[in-house]
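Have it open while you go through the points below.

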Amino acid sequence: MIAVVGAGAFGTALAISLARDGRAVTLLARDLRGMDQTRRSPKLDVAIPANVLITDDATQLQSAECVLMAVPAQSLRRVLETHHDQLANKRIVACCKGIDLETLTGPVASISATLPDATAAILTGPSFADDIAAGLPTALTLACADDTAGRALQQTLSTANLRLYRTTDTIGAELGGALKNVIAIACGVAIGAGLGDSARAALMTRGFAEMQRLAGALGADPQTLTGLSGLGDLALTCTSTLSRNYRRGLALGAGDQIDAAATVEGAATSVAVTDLGQARGIDLPVCTIVASLCAQKISVETALQTLLSRPLKEE
Ligand SMILES: NC(=O)c1ccc[n+]([C@@H]2O[C@H](COP(=O)([O-])OP(=O)(O)OC[C@H]3O[C@@H](n4cnc5c(N)ncnc54)[C@H](O)[C@@H]3O)[C@@H](O)[C@H]2O)c1
Ligand SMILES: O=P(O)(O)OC[C@H](O)CO
């Protein structure tokens, strides 16, 4: 049985995809909200197959062969601690994208620090929950430092429509997924403020340079950043209004009200990344500006002038 912790949009979509492919799945919800009766998620337009056990009983995790953690990055450590006894020596796959504000580390490090006997992995890459739930073709990165465990997880979690590529570079995979959200907010701001598609292309490219700089300094393989979990997800998230990060940027750029209840991972991650950059002396101008914009410390006009007035340099 595969367990999914977190019955939000992504956790439910993964559960649906795996179950449709014939796997037995347990979906652990913090709040059932009648999902076990209606067999529907308020966040998806697809019925949940019968071979998904929807429950709020965490003891069900005990019999799982692997556990997917589909909760927001800033909640991951707390949820791992809460279910420590059920998860202690299992294969745990983070399905979130972000950097923990307190530890300034990614989801894989959070798993290893909380559950030293577990095998930690991350599933990340370009994918909207709606697309996965609808059975549309999707390709993701499965990163696990233990290649034997990674190969087994790749087989267990790939389905007819969900194709997983494998790497042992967990740092590169998780940083790509975390940082692309920050750049997507910047791109949304540019479009929301009417700065045009050329400005967005510039932000995507210079933002990608920041992703490569930080990830390289933290030990990532540069090639990982050009794969699905980096460039692939950057392309999707910076160009689609299905992205909550991009939509947060659109609202900030246009001066519209923001949806404070939405899971927008790039907002907290921009702060974590700014701290990491400062601590290591790495220049991250776009990420730093996004942190200030999200905290509404500066105007879009100031953000623009700050970026445009930087010294001219070699590419
Ligand atoms: N939605 C997508 O299209 C998508 C795609 C790829 C990756 N992701 C990633 O998946 C992660 C989750 O996103 P989502 O879209 O499912 O968000 P969501 O807001 O739809 O759901 C988050 C779920 O986490 C649960 N949760 C939050 N804090 C919790 C806690 N302390 N204890 C227990 N449960 C808790 C919530 O109850 C909710 O069910 C994010 O990191 C996101 O980047 C999402
Ligand atoms: O809605 P977002 O911005 O969290 O994006 C969802 C996925 O991360 C896209 O790959």
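Let's begin with Thr12: this residue counts as buried because it has 28 C-beta neighbours inside 10 Å, and the cut-off for that label is 20 or more. Keep in mind that this is a predicted model. The chain has a mean pLDDT of 97, with 100% of its residues at 70 or more, and the model scores ipTM 0.99 and pTM 0.98.

**Thr12 and its surroundings**

- Thr12 sits in helix α1, and α1 (9-20) is one of the elements that supply at least two residues of the shell around ligand 1.
- Setting aside residues up to four places away in sequence, Thr12 touches Ala7, Leu27, Ser41, Lys43, Leu44 and Ile48.
- For a sense of scale, take Thr12 and Ile282: they are 270 residues apart along the chain, and their C-alpha atoms are separated by 37 Å.

**The two annotated domains**

- The unreviewed UniProt entry puts the feature "domain: Glycerol-3-phosphate dehydrogenase NAD-dependent N-terminal" at residues 2-148. That span is 31% helix and 22% strand, and its end C-alpha atoms lie 18 Å apart.
- From the unreviewed UniProt entry also comes "domain: Glycerol-3-phosphate dehydrogenase NAD-dependent C-terminal", placed at residues 169-304. Here the make-up is 74% helix and 0% strand, with the end C-alpha atoms 35 Å apart.

**Around ligand 1**

- Ligand 1 is surrounded by 24 residues, and the closest are Gly8, Phe10, Ser75, Cys96 and Thr263.
- Which helix gives the most to the shell around ligand 1? That's α3, with four residues; this helix covers 73-82.
- By type, the shell around ligand 1 splits into twelve nonpolar, seven polar and five charged residues.

**Around ligand 2**

- There are 13 residues around ligand 2, and Pro126, Asp233, Ser243, Arg244 and Asn245 come nearest. The elements giving two or more residues to this shell are α8 (170-192), α11 (228-237) and α12 (244-254).
- The top contributor to the shell around ligand 2 is α11, which gives three residues.

**Lys180, the annotated active site**

- The unreviewed UniProt entry places the feature "active site" at Lys180, a residue that lies in helix α8.
- Is Lys180 buried or exposed? Lys180 is buried, because 34 other C-beta atoms lie within 10 Å.
- Beyond its neighbours within four places in sequence, Lys180 is in contact with Met211, Gly230, Asp233, Leu234 and Thr237. Of these, Asp233 is also among the residues that come nearest to ligand 2.

**The nonpolar core**

- The largest nonpolar core has 100 residues, and Val4, Leu68, Met69, Ile183 and Ala186 touch the most other members. Helix α8 gives the most to this core, with 14 residues.
- As background, nonpolar side chains tend to be buried together in soluble globular proteins.
- Leaving out neighbours within four places in sequence, Val4 is in contact with Gly11, Leu14, Ala15, Val25, Leu27, Leu28, Leu68 and Ala70. One of these, Leu68, is itself listed with the core residues that touch the most other members.

**Loops worth a look**

- Most residues other than glycine have a negative phi. Arg39 has a positive phi of about 60° although it is not a glycine, and Leu104 has one of about 55°.
- Arg39 is in the loop between α2 (35-38) and β3 (52-55). With 13 other C-beta atoms within 10 Å, Arg39 is partly exposed.
- Leu104 is in the loop between β5 (91-94) and α5 (107-114). Leu104 is likewise partly exposed, with 14 other C-beta atoms within 10 Å.
- Val46 is in the loop between α2 and β3. Why does Val46 count as partly exposed? Because it has 18 other C-beta atoms within 10 Å, and 20 or more would be needed for buried.
- Val46 and Asp130 are 84 residues apart in sequence, yet 8.6 Å apart in space, C-alpha to C-alpha. Neighbours within four places in sequence aside, Val46 is in contact with Ile16, Ala133 and Ala134.

Key
Residues numbered from 1 in each chain as written. Chains lettered and ligands numbered in written order. Predicted model: local features only at pLDDT ≥ 70, side-chain atom pairs only at ≥ 80, totals over all residues. Near = placed C-beta within 6 Å. UniProt positions renumbered as here; feature names shortened; annotations may be inferred. Nonpolar A, V, L, I, M, F, W, Y, C, P; charged D, E, K, R; others polar. pLDDT = per-residue confidence, 0-100. Core = buried A, V, L, I, M, F, W, Y, C linked by C-beta atoms within 7 Å. Buried ≥ 20, exposed ≤ 12 C-beta atoms within 10 Å, placed from the backbone. Contact = placed C-beta atoms within 7 Å.
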